[in-house]
Amino acid sequence: KISVNQRRYATAASVAATAVTPLVQARGHKVDDVVELPLVLSGLGEVSKTAEAAAILSKVGGAADVAKSKGSRKVRAGQGKLRNRRYVQRLGPLVVHTGESNVERAFRNLSGVELCRVNALNLLQLAPGGHMGRLVVWTESAFKQLEALWGNGTEAAELKSGYKLPKNLMTNADIGRIINSEEVQTAVRKSIKTSKYTPLKKNPLRNLGAMVKLNPYALEARKAELAHAAAIAEGKKTSQRKAR
């Protein structure tokens with residue numbers, strides 16, 4: 001099991017990732033024409049028709065992501081198609097609201113669009129597959145309620161008993177830039193470069209010089225061995241000549 005604090009931390013991080021354009025693009029969302037991120041729209045409470053919702057998404061640049069999701073619908077490969085999950089489809093935008101029923105009726109019929117209440121944010125919808133950066137469309141009332149739900153980083157949240165967002169341990173997370181900065185490099189001791197000579201270890205059983213260092217008589221024994229081998233070879237040659 002995962003503790004409540006860890007789940008809240010993951011949800012808060014996923015909400016923050018919806019405002020980072022590179023993370024949203026890395027998830028595969030089409031946000032080239034989106035006006036800005038986070039995408040907060042006012043007046044969605046007055047929308048009740050699907051055609052009006054589609055026109056609003058087209059106006060702010062979210063129609064391309066809806067079209068991408070609609071075009072990705074295909075029949076599932078494997079036996080899953082026989083088990084009441086016949087189609088697979090890429091996810092489109094996520095509409096977060098405060099519970100307006102007309103917003104749900106307007107957006108629920110758009111292909112790939114999901115809906116979620118701001119007081120019941122689902123981590124599986126904010127970060128599908130564990131990948132943060134979902135394209136989220138916030139209603140103005142839902143976006144204003146985030147501070148009451150999560151706090152502002154220094155004060156506790158109003159709607160969560162004594163909960164504060166974790167503080168940043170580092171103001172700059174670019175470790176390479178910190179290490180290579182002039183302030184750190186001037187205070188760091190220079191690297192010590194030492195060259196240590198490591199002699200090559202020789203096998204005395206294969207190297208005669210190494211064997212002589214261990215056993216001085218090995219040289220005389222080797223000479224006697226070679227002389228004996230030469231005498232045997234010469235004796236063979238002499239016997240062959242006599243045989244002819």
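Me: Is V136 buried or exposed?

Reply: First, a caution: this is a predicted model. Burial is read from relative accessible area, and the cut-off for buried is under 20%. V136 has a relative accessible area of 2%, so V136 is buried. The residue sits in strand β6, residues 136-139.

Me: Which residues does V136 touch, leaving out those up to four places away in sequence?

Reply: V136 touches T18, L39, L94, V96 and L126. For a distance along the chain, take R27. R27 and V136 are 109 residues apart in sequence, and their C-alpha atoms are separated by 12 Å.

Me: How do I read a nonpolar core?

Reply: Start with the general idea. In soluble globular proteins, nonpolar side chains tend to be buried together. Now this case. The largest nonpolar core has 20 residues, and L39, F107 and V137 touch the most other members. At least two residues of this core come from each of β1 (39-41), α3 (50-60) and α5 (101-107). Another core, of 15 residues, lies apart from it; A12, V96, V136 and W138 are among its members.

Me: What does L39 touch, not counting residues up to four places away in sequence?

Reply: L39 touches V34, V60, V136, V137 and W138. Note V136 and W138: both belong to the core of 15 residues.

Me: Which residues line the largest pocket?

Reply: Read a pocket through its volume, its lining and the elements behind the lining. The volume here is about 260 Å³. The lining consists of Y9, A12, A13, V15, A16, L146, E147, W150, G151, N152 and L165. By type, that is eight nonpolar, two polar and one charged. Helices α1 (4-17) and α8 (146-150) each supply at least two of the lining residues. With five residues, α1 gives the most.

Me: What radius of gyration does the protein have, and what would a compact globule have?

Reply: Compare the value with a reference for the chain length. A compact globule of 244 residues would be near 18 Å, but this protein has 38 Å. The spans of the C-alpha trace along the principal axes are about 125 × 60 × 40 Å. Buried residues make up 27% of the 244.

Me: How many helices and strands are there?

Reply: Twelve helices and six strands. For contacts, look at sequence separation. Among contacts with a separation of 6 or more, 53% join residues 24 or more positions apart.

Definitions and conventions
Residues are numbered from 1 along each chain as its sequence is written. This is a predicted model: local features need pLDDT of at least 70, side-chain atom pairs count only at pLDDT 80 or more; totals for chains, interfaces and linings use all residues. Side-chain values use heavy atoms; hydrogens and water are left out. A nonpolar core is a set of buried Ala, Val, Leu, Ile, Met, Phe, Trp, Tyr and Cys residues joined through side-chain atoms within 4.5 Å. Buried means under 20% relative accessible area, exposed over 50%, partly exposed in between (1.4 Å probe, protein chains only). Helices (H or I, at least four residues) and strands (E, at least two) are DSSP runs, numbered from the N terminus. Contact means heavy atoms within 4.5 Å. On a 1 Å grid over the protein atoms alone, a cavity is a set of points where a 1.4 Å probe fits but cannot get out, and a pocket is an open set with protein on both sides within 12 Å along at least five of seven lines; lining residues have an atom within 4 Å of a point. Grid points are joined across faces, edges and corners, and a volume is the space filled by probe spheres set on the points. Ala, Val, Leu, Ile, Met, Phe, Trp, Tyr, Cys and Pro count as nonpolar, Asp, Glu, Lys and Arg as charged, and the others, Gly among them, as polar. The radius of gyration is taken over C-alpha atoms; the globule rule is 2.2 Å times the number of residues to the power 0.38.
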